[in-house]
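Please look at the sequence and the model shown here. The report below goes through its aromatic rings, a strand and a metal site.

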Amino acid sequence: MARITASLYMSHVPAIGAAIDEGLTDEPYWKPLFEGIQPARDWIAEHPPDVVILVYNDHGNAFSFDLIPTFAFGTGESFMPADEGWGPRPVPTVIGHPELAAHIAQSVILDEFDLTLVNKMPVDHGCTVPLSMMFGQPDAWPCQVIPLAVNVVQYPVPTGHRCLALGQAIRRAVDGFDDDLNVQIWGTGGMSHQLQGRRAGLINQPWDNEFFERMIDDPVDLARMPHVDYVREAGSEGIELVMWLIARGAMGDLAGGAAPTEAHRLYHVPASNTAVGQLILEEAS
Ligand code: DHB
Ligand code: FE
């Protein structure tokens with residue numbers, strides 16, 4: 001049987017990808033960050049997934065304002081790195097898992113979540129930077145990846161409650177897949193960041209830390225937080241954090257099981273203009 005074994009949460013700052021691509025990870029600016037994520041890389045080397053369901057947002061690369069799916073679920077064979085204006089990142093093509101993705105789509109849509117199915121889309125830094133943070137620069141990504149692009153760019157964006165419930169539905173779907181697969185679900189984006197306007201560069205570390213605590217201990221309560229709180233406290237792009245609730249919803253405690261255990265946590269400032277958060281929650285065994 002397929003099983004969700006862990007949920008991972010992390011920022012997807014494009015400058016982190018550029019630092020990796022350009023060999024700058026030992027520079028004084030970047031070294032502390034890369035030392036900080038090393039325990040996560042060690043952890044995943046010991047807990048290699050077969051498949052990652054990677055929740056992220058597209059930043060106007062696969063979708064423009066012409067077409068704005070709320071939940072775009074990657075059912076295709078493969079997903080090319082997007083050209084974000086400087087050419088595509090020199091990273092491997094993301095290889096999907098069409099059979100598991102089709103199974104999840106069937107289960108989740110009949111569970112009344114109206115996903116948009118996407119067989120062809122490029123994936124931008126939202127998807128590829130977390131892969132680089134965890135796996136470095138391999139010739140091929142060491143697992144299959146099902147991208148789930150969530151609209152957090154154009155309002156109205158989905159509520160925390162809806163995201164948490166979608167995670168729960170994804171867990172039910174994965175549980176019903178017959179092949180023996182180790183599945184992880186990653187929620188990306190955040191933490192504090194505002195990229196433009198008078199509040200550009202806003203970092204609210206106390207709020208980010210409280211977000212970590214509530215994510216771990218009381219995600220049901222956190223899921224009731226309105227969008228305006230994210231934006232006021234964590235900046236306009238801090239709303240990306242709502243996607244973490246999809247990954248959190250897929251953990252067993254929200255299906256009546258035991259609470260997950262924390263395997264790793266990092267909070268680092270700065271990377272570009274933003275705070276970097278990273279968290280690993282392991283399923284209770
Ligand atoms: C930046 C872009 C992002 O999408 C993000 O989540 C964080 C930072 C940036 O351009 O710096
Ligand atoms: Fe982003």
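Which residues do ring pairs link into a cluster? The cluster consists of Tyr9, Trp207, Phe211, Phe212, Tyr230 and Trp244. The model is predicted: local features need pLDDT of at least 70, side-chain atom pairs count only at pLDDT 80 or more, and totals for chains, interfaces and linings use all residues. Residues are numbered from 1 along each chain as its sequence is written, chains are lettered from A and ligands numbered from 1 in the order in which they are written, and side-chain values use heavy atoms, with hydrogens and water left out.

**Aromatic pairs**

Rings of Phe, Tyr and Trp (its six-membered ring) pair if their centres lie within 6.5 Å; planes under 30 degrees apart count as stacked, over 60 as edge-to-face and the rest as tilted. By this rule there are 9 aromatic pairs. The table gives two of the edge-to-face ones.

| Pair | Centre to centre | Angle between planes |
|---|---|---|
| Tyr29 and Trp30 | 4.9 Å | 85° |
| Trp207 and Tyr230 | 6.1 Å | 65° |

Trp207 lies in helix H6 (residues 205-217) and Tyr230 in helix H8, so this pair ties together parts that are 23 residues apart in sequence. Helices (H or I, at least four residues) and strands (E, at least two) are DSSP runs, numbered from the N terminus.

Both Trp207 and Tyr230 are buried. Buried means under 20% relative accessible area, exposed over 50%, and partly exposed in between (1.4 Å probe, protein chains only). Trp30 counts as buried because its relative accessibility is 10%, while Tyr29, at 40%, counts as partly exposed.

**Strand E1**

Of the 8 residues of strand E1 (residues 3-10), 6 are buried, so the strand is largely enclosed by the rest of the structure. Two strands pair if DSSP finds at least two bridges between them. E1 runs parallel to strand E8 (residues 182-188), with 7 bridges joining them; Ser7 has Ile185 in E8 as its bridge partner. E1 runs antiparallel to strand E10 (residues 274-282), with 5 bridges, and Leu8 stands opposite Ile280 in E10.

Donors are N, O and S atoms within 2.8 Å of the metal (3.2 Å for Na, K and Ca); water is not among the atoms, so sites may look incomplete. His12 (NE2), His59 (NE2) and Glu240 (OE) coordinate the iron ion (ligand 2) at 2.0 to 2.2 Å. His59 is in the loop between strand E2 (51-56) and strand E3 (71-74), and Glu240 is in the loop between helix H8 (227-234) and helix H9 (244-249), 181 residues apart. At 27% relative accessibility His59 is partly exposed, whereas Glu240, at 5%, is buried.
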